[in-house]
Amino acid sequence: MGEPLFYKDFLDLLNLIKRHKLKLNLTTNGTFPRLSVEEWGTLILPIASDVKISINGASKEVNESIMEGIDFKRQMENIKKFIQIRDNIRKRGINYPTITLQATFMNRNLNEIPELLRMAIKRDVDRFKGHHLWVTHPELESESLRKSKLNIKNWNNTVRIMNQIVQNERLKNGNKIKLDNIYSLPYNNNNSVVQDNYVCPFLGREAWIAWDGTFNACCAPDDLRKTLGYFGNINNTSFMGIWNSENYGQLVKNWFKHDVCKICNMRRPIEKMMRCNNE
C-alpha cells in the first residue's frame, strides 16, 4: 500500500532480507524518496529478485495526469540510473535482478501502452506487465476497457500490436522482453464477469500479509477483498496454521463462487497458468 520506500522500517527490512539470504520483490513508483536513486539501487538490487516500477504513460501529459504528483522527466532519469546499477551488479556477479515496468490499463492511457512497451525495450527493461483498472467508484467506469465490446476490441487490438512489437524489437542481448498478464479479452461481455477458464493466480500459491500482520487472501482492493472473509493475523496465529486452516482451504476450493472473484481483473487464462507452472 502506497510507496514502500517511505516506510520508516524499510531499511531494517532490507537488512533482515540480507541477513537471512532472502530475495526482495519490490513495487515502487520510481521516485526514490529519502535517499538518492544510486543509494537505493545499491541497497536494493543486490538482494532483489525483481523490481517493478509503476508507470502509466509514455508522455509527460498522460503519465502525470494519472499518477498525481509524479515528475515524468525525473522518473525517466531514475529508471535509466537504476538500470545502470542493475547492469553493474550483474557484471560483477553479485546478483541477477530483473526490472519490470508495470502499468494500469485504462482508456486514458490505452493509445500510449504500445509506446510504453517500446520505451521499456529501448531502455533494456526485462519485463513489461500490468493489469486492468479496478472500478472501485462509479467515476472510474468510463475508464474501464472491459465495459463494452468496443472497449474490448480496442484493448485486443492493442494486445496484437504489443505482441508484434515483442517479435520485432529486441533487448540489447537479443532476447525478447517478457510480457506478463497481457491477454486478449473475450467478447461475451456479461457485466464484466470473467470467463470460467480464467483462474486465480494467487490462492494457494502466494501469501499476502498486511502491515499489521493480517493474512490477506489476495491483492484485490481492500473493501472487495474483505468480502472473502477474515483468515487471521500472524501476530497471534502461526502462518502455517492460517495457510492450512479449513477456512482458507474452503476459499482456495470455492473462490469462483465469490462475486469479487467473478469480476477479478487479475485472473489469468488457465492455459497461461499451466505454461508458467511448466516453466
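**Close-up views of a predicted model**

**View 1. The second largest cavity has a volume of about 100 Å³.** Cys200, Cys218, Leu228, Cys261 and Cys264 are the closest to its centre among the 13 lining residues. The model is predicted, with residues numbered from 1 along each chain; local features need pLDDT of at least 70, and side-chain atom pairs pLDDT 80 or more, whereas totals for chains, interfaces and linings use all residues. Side-chain values use heavy atoms, without hydrogens and water. A cavity is a set of points on a 1 Å grid over the protein atoms alone where a 1.4 Å probe fits but cannot get out, and lining residues have an atom within 4 Å of a point. Its volume is the space filled by probe spheres set on the points, which are joined across faces, edges and corners. The lining comprises twelve nonpolar, no polar and one charged residues (nonpolar: Ala, Val, Leu, Ile, Met, Phe, Trp, Tyr, Cys and Pro; charged: Asp, Glu, Lys and Arg; polar: the others, Gly among them).

**View 2. Lysine 129 lies in strand β4, residues 127–132.** Strands are DSSP runs of E, at least two residues, and helices runs of H or I, at least four, numbered from the N terminus. Lysine 129 is buried (under 20% relative accessible area, 1.4 Å probe, protein chains only). This lysine has no salt bridge (a side-chain nitrogen of Lys or Arg within 4 Å of a carboxyl oxygen of Asp or Glu); aspartate 180, the nearest side chain of opposite charge, is 4.5 Å away (Lys and Arg count as positive, Asp and Glu as negative; His and chain ends are not counted).

**View 3. Tyrosine 248 belongs to helix α9, residues 246–254.** Tyrosine 248 counts as buried because its relative accessibility is 1%.

Conventions: 1 Å grid on protein atoms, 1.4 Å probe; cavity = no way out; pocket = protein on both sides within 12 Å on 5 of 7 lines; lining within 4 Å. Buried < 20%, exposed > 50% of the residue type's maximum accessible area, 1.4 Å probe, protein only.
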